[in-house]
Amino acid sequence: MARIPQVRRVLFNDEEVGMGFNSESGLAVGTALEGFTVSSDPDADGQTVTSSISIVSTHEELQETLGMSFEAQGRYGFFSASAKTTFSESSNYNSTSTFLVARVVVENALRRGRGFRVTADAKALLDALRFEEFNRAFGDSFVRGLQTGGEFYAVIRITSVSTTRQTSLAATLQAEANGLVASGSFKASFEEANRSASSRSEYTATMFQKAGSGATIAPTVEIGEVITRFKQFPTIASDSSAAYEAEVVTYDTLPLPVPTPEEQEAFLLALADARERKLRFIQTRNDLEFALRQPEFFRGLPSTDVLLTVISTYTKLINAAMQHAIKLSRGQISPPRLFDPGELVPPLREPAPIPLVRVPVDAPAATLRLVSLICRTPSDRDPDAGDEIVIRVGGADVADAPYEFEEGMRIDLGHTFPLGAAPAKIEVIELDGGFAGVDDYIGSVVATVADRATGRKNAVLGDGQAVYELVYEVV
């Protein structure tokens, strides 16, 4: 048998100091106390700030980082209809993406009630030993204090075709938020990743904030906004604080003849099991929904109909697990028992696992860079004319073409192109040359990933008349 702690913290849900608290429902009820004052310690009015930027690898770890683990809140806060609960349960965690959580918690001095006296109505129930009626009306505990300050959480999801690039982007963002790399490093890395199909990436950012007003509580969407809010939040919570936790204590902290309720170990085990199953069902459904929406990240997926059927089954399992937990919390399942989908009417069975195999990257990403083009011998020998040169990479003209050349002239190029497993053909063509206005094909060279990190290449191209030297490199 486990005893309710005499003093515990729960998520703030519009409670007021002195209100009764029902531990089974996690809600404030009637007020049995009066005559008290509420204040904070004037000799300890400073703030306490805790913060972290962390990469999470499981749904439960995400909940723990958001302060919503079963151990942290237990049955007393899990079913509260709070905005934070909604936020934590709508994070859309999936094991394909990488999730990074920015967390800042600011604690002001606790505002606590003192000098509590029982009301006449409550005392009448106690004097008559009507403890069950007292519990229904005023709960088994009461709100003794409120924790003010604020909370800020940002959940950032990063997904990339390349798992290596995905991990690197998350690490860069974490380092930038901690001030270990220059501001804007993540944005630059993200833009670089999306220049290549082999490392195409995406990210989303969602936030929860308790404290602030007006512009200081406006949604943060861009990564730079998230980092700025993360660093400025202690000041925001100081200027415009909010209550985010309630200190709840049992009535035996007062000289009242109220016994402390004891929680059955079987009840806690059954509730923890229902929560674990629900989180696992949610994660599995999220994984499959992500695969349904973004099939390009995976290979060997079953048909859309199969995926939709399995997703529907997991939705039913999630709803059933939540109903089981709610009935447990309300004492409607006595004695408590573990969630068994086979006992439902009609019974449910968890589907066989569907493996989600990531699409492999065909080849390491490389970049082709055109350095310069030098005219050794022009195609047109007329000193008053000149060559009009076009450079093509993969059949497409490079920017700024055509280029005007005369003998001995050099033009610095600086154009870059993503280079995958397939080779890239570089062609040099002189426009409107030759007989009857036919373009002169001066020559071509092929660049491959094997050329990476081998230094600059000097390719001499000629058609029997014109001679050009192309300098390029693969990095």
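**Close-up views of a predicted model**

**View 1. Strand S22 and its two pairing partners.** In S22, Val428 is the bridge partner of Ile391. This is a predicted model, in which local features need pLDDT of at least 70 and side-chain atom pairs count only at pLDDT 80 or more, while totals for chains, interfaces and linings use all residues. Residues are numbered from 1 along each chain as its sequence is written, and side-chain values use heavy atoms, with hydrogens and water left out. Helices (H or I, at least four residues) and strands (E, at least two) are DSSP runs, numbered from the N terminus, and two strands pair if DSSP finds at least two bridges between them. Strand S18 (residues 387–393) pairs with S22 in the antiparallel sense over five bridges. Strand S23 (residues 440–447) also runs antiparallel to S22, to which seven bridges join it, and here Val428 stands opposite Gly443. Six of the seven residues of S22 (residues 424–430) are buried, so this strand is largely enclosed by the rest of the structure; buried means under 20% relative accessible area, exposed over 50%, and partly exposed in between (1.4 Å probe, protein chains only).

View 2. Helix H4 (residues 120–127) has Ala122, Leu125 and Leu126 as its buried residues. Because these residues cover an arc of only 100 degrees around the axis, they are on the same side of H4, where the arc is that of the directions from the helix axis to the C-beta atoms. The face of H4 turned away from this buried side carries the exposed residues Ala120, Asp121 and Asp127. Among the elements that cover the buried residues of H4 are strand S10 (117–118) and helix H5 (131–138), with contact meaning heavy atoms within 4.5 Å.

**View 3. Two cis peptide bonds.** Val345 and Pro346 are joined by a cis peptide bond with omega of about -10 degrees, and Pro346 is placed in the loop between helix H10 (304–329) and strand S16 (357–358).

**View 4. Positive phi values in residues other than glycine.** Asn92, in the loop between helix H3 (83–89) and strand S8 (98–107), has a positive phi near 55 degrees, and with a relative accessible area of 48% Asn92 is partly exposed. Ala211, in the loop between strand S12 (201–210) and helix H8 (223–239), has a positive phi near 135 degrees, and Ala211 counts as buried at 4% relative accessibility.
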